[in-house]
Amino acid sequence: MKKSIKKGVFFGSLAVAMAIVVAADHIDAPNSMGTTADIADFYAFEPTEGSDNTVFIVDLQSNVVDGLAYGSFDEDVLTEINIDLDGDLVEDQVIQAIPRDGIMYFFGPVAPTTTGISSEVAVDMPLGMVEISAETAITETTADGVKLFAGPRQDAFFFDFTQYNQVVMPSPENNSGFNNPGTDTFDGANTMALVVEIPNTMLGTPTATNVLGLEVYKTWVTTNRKQ
């Protein structure tokens, strides 16, 4: 029997602000680093030609470094994709994800009942659900054309951390700058990934514009632990 999901209050332990297109993090606050609420990366991919869908990817738990091992989603952690439509850096819409008994449940997009560091699960606005997949890419497509995935995946963030340190603090023996190609420090590391592909019509119409005068979504992700 699946556990029910209630409107418990969740308090944010971490927030990572990200501009739309692509961004990465990997360094978090001490109270979240290395925990099940640790955000490794947040990616937001704009629609490609012939598509009106935006793809959001949240990677959690960057400390799983054994390629044969992976973490697990925490049933006390609510992951929330925040979407700002008017440019005031306050979330106007949220997409939520929370696991129960091997299933990841998604809710939204919906205007949040509270903004900032506290959240409630929007149980009245189910978006869909998908089995948490450890080996195969199990995805679900809803009647609205939303595609969902949840499970462990190799860390997609490429970073030559050793050489980066040499560039920031060069030594007499090594001051040559970045290597081309570099060595991927995160090769073989795993994260717990959440993927949502969603039509832009479901996200709302943005009124904020960028320097080119184009309408844009401003988006970031938070993890919130049940209190």
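Contact here means heavy atoms within 4.5 Å. The model is predicted, and residues are numbered from 1 along each chain as its sequence is written.

**Stop 1: Q93**

Select Q93, which lies in strand 6, residues 93-100. Is Q93 buried or exposed? Its relative accessible area is 17%, and buried means under 20%, so Q93 counts as buried.

Now show what surrounds Q93. Neighbours within four places in sequence are left aside. The residues in contact with Q93 are then I81, N82, I83, L85, P109, V110, A111, P112 and L203. Pick out V110 from that list. The side chain of Q93 reaches the backbone nitrogen of V110 at 3.1 Å.

**Stop 2: the aromatic pairs**

Next, look at the aromatic rings. How many aromatic pairs does the structure hold? There are two. A pair of aromatic rings is described by the distance of the centres and the angle of the planes.

Select F42 and F56. The ring centres of F42 and F56 are 6.3 Å apart and the planes are at 10°. Planes under 30 degrees apart count as stacked, so F42 and F56 form a stacked pair. Where in the chain do F42 and F56 sit? F42 is in strand 3, residues 39-45, while F56 is in strand 4, residues 53-64. The two are 14 residues apart, and their pair links distant parts of the chain. Both F42 and F56 are buried.

Move on to Y43 and F45. The centres of these two rings are 6.1 Å apart, with the planes of Y43 and F45 at 10°, so this pair is stacked. Colour Y43 and F45 by relative accessibility: Y43 has 8% and counts as buried, whereas F45 has 34% and counts as partly exposed.

**Stop 3**

Select residues 140-141 and 147-154, which are strand 10 and strand 11. Strand 10 and strand 11 run antiparallel and are joined by two bridges. Which residue in strand 11 is the bridge partner of T141? The partner is K147.

Between strand 10 and strand 11 is the turn of a hairpin, with five residues between the strands. Select G145 in this hairpin; G145 takes a positive phi near 85°.

Conventions:
Predicted model: local features only at pLDDT ≥ 70, side-chain atom pairs only at ≥ 80, totals over all residues. Heavy atoms only, no water. Phe/Tyr/Trp six-rings, centres within 6.5 Å; stacked < 30°, edge-to-face > 60°. Helix = DSSP H or I, 4+ residues; strand = E, 2+ residues; numbered from the N terminus. Buried < 20%, exposed > 50% of the residue type's maximum accessible area, 1.4 Å probe, protein only. Polar contact = N/O pair within 3.5 Å; in protein donor to acceptor, adjacent residues only side chain to side chain. Pairing = 2+ DSSP bridges.
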